Amino acid sequence: MAVYTEIEDEDLVRFMADYGVGEVLSCKGIAEGIENSNFAVTTTEGPFILTLYEKRVRREDLPFFLGLMRHLSAGGVPCPVPVATRSGETLRELAGRPAALVTYLAGMWPRKPNVDQCREVGEALARMHLAGLTFDLRRANALGVAGWRPLLEATGRKAADDLRPGLYDRLDAELDGLEADWPKDVPAGVIHADLFPDNVFFRSDHLSGIIDFYFACNDALAYDLAVCLNAWCFEPDGSFNATKAMRLTGGYTLERPLSPAEIAALPVLARGAAMRFLLTRLYDWVNTPAGAFVTRKDPLEYLKKLEFHAAAGGPQSYGLAYEHD
């Protein structure tokens with residue numbers, strides 16, 4: 001269960017009264033998600049999502065996240081919209097935590113994504129990138145390439161090698177290559193940075209919404225596509241589904257064509273995206289205490305993905321035509 005902070009009924013009623021959204025009828029904790037405490041709140045005017053931001057989310061980043069959702073929604077991207085109180089506030093405090101109320105999006109996330117859903121995700125990601133180009137606020141990617149080596153070092157050699165002998169040196173060597181090869185002159189803008197299937201809703205097989213913008217930041221746009229290749233295009237047995245990759249990248253380029261530099265960089269970006277999730281999973285694997293609410297995720301799933309990308313034959317492996325100069 002991913003509810004870390006409980007809310008007293010009387011505190012919730014007082015909090016909701018400032019929004020003018022009717023009487024509270026029910027409030028239920030949402031088990032999914034790992035960063036914050038989320039609640040489905042139903043009032044006489046309909047359903048909403050209430051989020052309490054826990055310690056891993058920096059309060060100073062919240063205006064970026066909330067402002068981005070408002071901006072993207074105004075630009076036609078289906079995403080939650082922060083609800084303002086009668087006095088115009090969207091960021092408040094409840095139960096000792098920063099808190100925000102956002103609109104509810106109907107739909108379900110796909111447990112077994114199909115090729116058509118991959119295409120729609122690609123299209124939606126590109127439209128999100130285009131809409132984000134006019135967003136004025138900026139936030140650095142704290143989990144970008146510059147943050148990966150400190151994350152490995154914070155995890156420690158012993159912990160990594162206890163999970164798999166020689167893992168620390170394997171990742172250390174891979175980081176040498178990523179740091180040397182990381183592209184610097186590719187288009188950048190606002191990225192989601194965590195667009196996994198559980199952050200995308202579908203209704204009747206059509207994408208109905210994108211949620212959870214709490215890793216959003218400014219970085220290479222094609223890196224966001226690389227995150228999606230890792231999240232959407234591998235099967236449960238670890239095999240790479242080239243058809244899903246072709247649909248994903250095809251949907252993306254239909255809305256926003258990739259530059260030659262982005263196409264050439266995609267294999268290293270895909271390696272980097274796999275490294276990012278491997279390292280955060282590894283760190284959490286070591287540092288999540290026994291009995292915690294959050295279920296630890298296997299870091300070695302992303303080691304297999306990293307190895308696939310390292311052996312990939314180039315952008316063609318992801319469904320993109322590439323011509324050498």
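Among contacts in the chain between residues at least 6 apart in sequence, 72% join residues that are at least 24 apart. The model is predicted, and the values below are computed from it.

**Overall form**

The chain contains 10 helices and 9 strands. Its radius of gyration is 20 Å, close to the 20 Å that the globule rule gives for 325 residues, so the chain is as compact as a globular protein of that length. Taken along the principal axes, the box filled by the C-alpha atoms is roughly 60 × 45 × 35 Å.

Of the 325 residues, 51% count as buried. The accessible surface of the chain comes to about 15100 Å², and carbon and sulfur atoms account for 52% of this surface. With regard to charge, there are 33 positive and 45 negative side chains, and the centres of the two sets lie 2 Å apart.

**Helix α1 and its cover**

Helix α1 spans residues 9-17, and Leu12, Phe15 and Met16 are buried in this helix. Seen down the axis of α1, the buried residues fall within an arc of 90 degrees, so they line one face of the helix.

Lys244 belongs to helix α8, which runs over residues 242-255. Lys244 has a relative accessible area of 7% and is therefore buried, since the cut-off for that class is under 20%. Leaving aside neighbours within four places in sequence, Lys244 is in contact with Pro113, Asn114, Val115 and Cys118, and also with Trp232, Cys233 and Glu235.

Leu282 is part of helix α9 (residues 260-287). Leu282 is buried, its relative accessible area being 0%. Beyond the neighbours within four places in sequence, the contacts of Leu282 are Leu152, Thr155, Ala160, Leu163, Leu167, Leu171 and Pro299. The C-alpha atoms of Leu282 and Gly189 are separated by 28 Å, the two residues being 93 apart along the chain.

| Residue | Loop | Relative accessible area |
|---|---|---|
| Ala95 | between β4 and β5 | 37% |
| Asp212 | between β8 (206-210) and β9 (217-220) | 25% |
| Pro187 | between α6 (167-181) and β6 (188-191) | 32% |

The backbone of Ala95 has a phi near 55 degrees, a positive value in a residue other than glycine. Asp212 is not a glycine either, yet has a positive phi of about 60 degrees.

For Pro187, the contacts outside the four places on either side in sequence are Ala220, Leu221, Arg256, Ser259 and Glu262. The C-alpha atoms of Pro187 and Ala222 are separated by 7.8 Å, although the two residues are 35 apart along the chain.

Definitions and conventions
Residues numbered from 1 in each chain as written. Predicted model: local features only at pLDDT ≥ 70, side-chain atom pairs only at ≥ 80, totals over all residues. Heavy atoms only, no water. Buried < 20%, exposed > 50% of the residue type's maximum accessible area, 1.4 Å probe, protein only. Helix = DSSP H or I, 4+ residues; strand = E, 2+ residues; numbered from the N terminus. Arc of directions from axis to C-beta. Rg over C-alpha atoms; globule rule 2.2 N^0.38 Å. Contact = heavy atoms within 4.5 Å. Areas by Shrake-Rupley, 256 points an atom, 1.4 Å probe, with all protein chains shown as cover. Lys, Arg positive; Asp, Glu negative; His and termini not counted. Charge placed at Lys NZ, Arg CZ, Asp CG, Glu CD.
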